[in-house]
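Hi everyone, and thanks for coming. Please have a look at what is on the screen, and then we will walk through some side-chain contacts together.

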Amino acid sequence: MPLHARTLALAAATALAATGLSLPLAVTASAAPAAPAAVPLASDFDGDGYEDLFVGVPSGSVGGKAKAGYVSVVFGGPDGPGPHSVRRITQATVEVPGTPEAGDRFGGSVAAAHVDDDQYADLVIGAPGEDIDGKADAGSVTVLYGTGDGFAVANTAGRGEKAGDAYGNALVAADFTGDTDVDLAIGGKDKVVANFNPLAADTQPLMADRMGGRAPVMATGDFDTDGLPDLALAYYTKNQPYTQSHLRLYGWNKDEGSMANFWNNSNGAANALASGDFDGDGYDDLALGNCREIADENIDDPCGPEKLTKGGGVHIRFGGPNGSFGWEQQTFNQDTAGMPGVAETGDGFGDALAAADIDGDGHDDLIAGAPGEAVGSLAKAGGVTVLKGGEMGLLDPAGAANPGTRAYTQNSPGIPGVAETGDLFGAALAFGDHDGDGVPDLSAAAPGEDSASGGVWDLPGAAPEATAVTPKSLGQPASLDPEAYGAVLGH
């Protein structure tokens, strides 16, 4: 069966401003270790059997340095993330290379990986504003190694070569080469590079093209059915100096010893990607969030029927045998039958995506965030839709959403807080088993919460029984930054 490697690209974003050095907060509850996992958990940094929540806060202040940035690691436990302990990681943290400087944006992207092959997950952190040897905003990537105490030593896994390279504005981790060691794909300005040895800062070009100053959107999955994870890469630019948009797939070419482009879809842009086996046939599928046509060159609907892009459409390309990726497709928006809500311009349906089999039925489910969704008269309060996978994918034979598809806002029963203008609930999404019960838990961010101090809602099994993790609940200072805690979620 193909390897299902699912990681979400996390683009650079502004976030919560805060002050102070990296210090553990007091433990308010002791988490008893869960049953040992047969396979090391993806984001269990301290090896206690619970996956941990990790949030990049690239606009946070450190020691008075504006936008130096930090990463908040909220450790999981029997009651989920929040009541156990939290670490605030900065470049002032003893183990981390470098020093906090204004504009570093440390935490602009974050990913979890087992770089050193032990039971502890390791934290990979991008700092796209890092200056290196006098080269402004060259960018860097740091690997911080997990231990039983939380974290230990660190090393640099990527350094921008020239000013403005912005290495680390996006990250994904997977074993692309099949040698059992983790590799990294690192987004920069108008380029993506690969590191096939994250123990050192040894990178090589993977793709170079204009991206209009945006971070690339990346995810992984086995789309060519060779048993190795591939890289899905989406980007677009307008009038710089031409208009273009692309979705590209790259896989490891053993003969060439490098990543090779094997599939393309032009003129369709996506704000988010997620891979999963939505129809349960054993092949990885790819979801394109808020997919729409950018470059009009008479290409027939690169994101499906144009009417289904209103308010944000989600376009699915299905995997299949013998490299038949992408032939089967589905497209839907909030006007699709059986879908909660109504498609409205500016909803941003699909601006964030996450995939997991939340009910264990063998079909992955898709979570779509709509941070621009209005709740009554409250503009951009935001919402989250849980789409059930099934035999035909995310739609039934009649083209309607599968039974069980549902939506939440902060006015839904079981969701703490209330919907407010500008909350942006659903702006970022991720999965992790934070309470150790074997069921994936959904993290849904609202970076505009509480006058943009932000927060992350933990929904066990993506059910409406959420708890909120906010700067206030963690004892961290809030911010008036336009996007704050939760703008960057790790997976």
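Let me start with a question: are lysine 388 and aspartate 365 buried or exposed? Lysine 388 is buried, and aspartate 365 is buried too. By "buried" I mean under 20% relative accessible area, with exposed being over 50% and partly exposed in between, using a 1.4 Å probe and protein chains only.

A quick word on the ground rules. This is a predicted model, where local features need pLDDT of at least 70, side-chain atom pairs count only at pLDDT 80 or more, and totals for chains, interfaces and linings use all residues. Residues are numbered from 1 along each chain as its sequence is written, and side-chain values use heavy atoms, with hydrogens and water left out.

Let's stay with lysine 388, as it takes part in salt bridges. A salt bridge here is a side-chain nitrogen of Lys or Arg within 4 Å of a carboxyl oxygen of Asp or Glu, and the structure has 6 salt bridges by that rule. With aspartate 365, the closest N and O atoms of lysine 388 are 3.7 Å apart. That pair links distant parts of the chain, with lysine 388 in the loop between strand 24 and strand 25 and aspartate 365 in strand 23, 23 residues apart. When I say strands, I mean DSSP runs of E with at least two residues; helices are runs of H or I with at least four, and both are numbered from the N terminus.

Lysine 388 also forms a salt bridge with aspartate 359, where the closest N and O atoms are 2.0 Å apart. Aspartate 359 sits in the loop between strand 22 (352–356) and strand 23 (365–370), so this pair ties together parts that are 29 residues apart in sequence. The relative accessible area of lysine 388 is 11%, while aspartate 359, at 39%, counts as partly exposed.

Now, how far apart are N and O in the salt bridge of arginine 159 and aspartate 133? The distance is 3.3 Å. Arginine 159 belongs to strand 7 and aspartate 133 to the loop between strand 5 (122–127) and strand 6, so parts that are 26 residues apart in sequence are tied together. Arginine 159 is partly exposed at 37% relative accessibility, and aspartate 133 is exposed at 66%. Please also find Lys162, Asp165 and Lys191, which a network of salt bridges links.

On to the rings. Rings of Phe, Tyr and Trp (its six-membered ring) pair if their centres lie within 6.5 Å; planes under 30 degrees apart are stacked, over 60 edge-to-face, and the rest tilted. The structure holds 6 aromatic pairs. One of them joins phenylalanine 45 and phenylalanine 151, with centres 5.3 Å apart and planes at 40 degrees, so we call it tilted. Phenylalanine 45 is in the segment before strand 1 (53–57), and phenylalanine 151 is in the loop between strand 6 (140–144) and strand 7 (154–159), 106 residues apart. Both phenylalanine 45 and phenylalanine 151 are buried. Ring pairs also bring in Phe54, making a cluster of Phe45, Phe54 and Phe151.

Another pair, phenylalanine 425 with tryptophan 457, is edge-to-face, at 6.0 Å centre to centre and 85 degrees between the planes. Both phenylalanine 425 and tryptophan 457 are buried.

Next, the disulfide, meaning a pair of cysteine sulfur atoms within 2.5 Å. There is 1 disulfide in the structure, and it joins cysteine 291 to cysteine 303, S to S 2.0 Å. The link of cysteine 291 and cysteine 303 is left-handed, with -60 degrees about the S-S bond. Cysteine 291 and cysteine 303 are both buried.

Last, some backbone details. Most residues other than glycine have a negative phi, and most peptide bonds are trans. Against that background, the peptide bond from glutamine 240 to proline 241 is cis, with omega near -10 degrees. Proline 241 lies in the loop between strand 13 (230–237) and strand 14 (244–253). Lysine 67 has a positive phi, near 60 degrees, and is in the loop between strand 1 and strand 2 (70–74). Aspartate 450 has a positive phi as well, near 50 degrees, and you will find aspartate 450 in helix 1 (residues 449–452).
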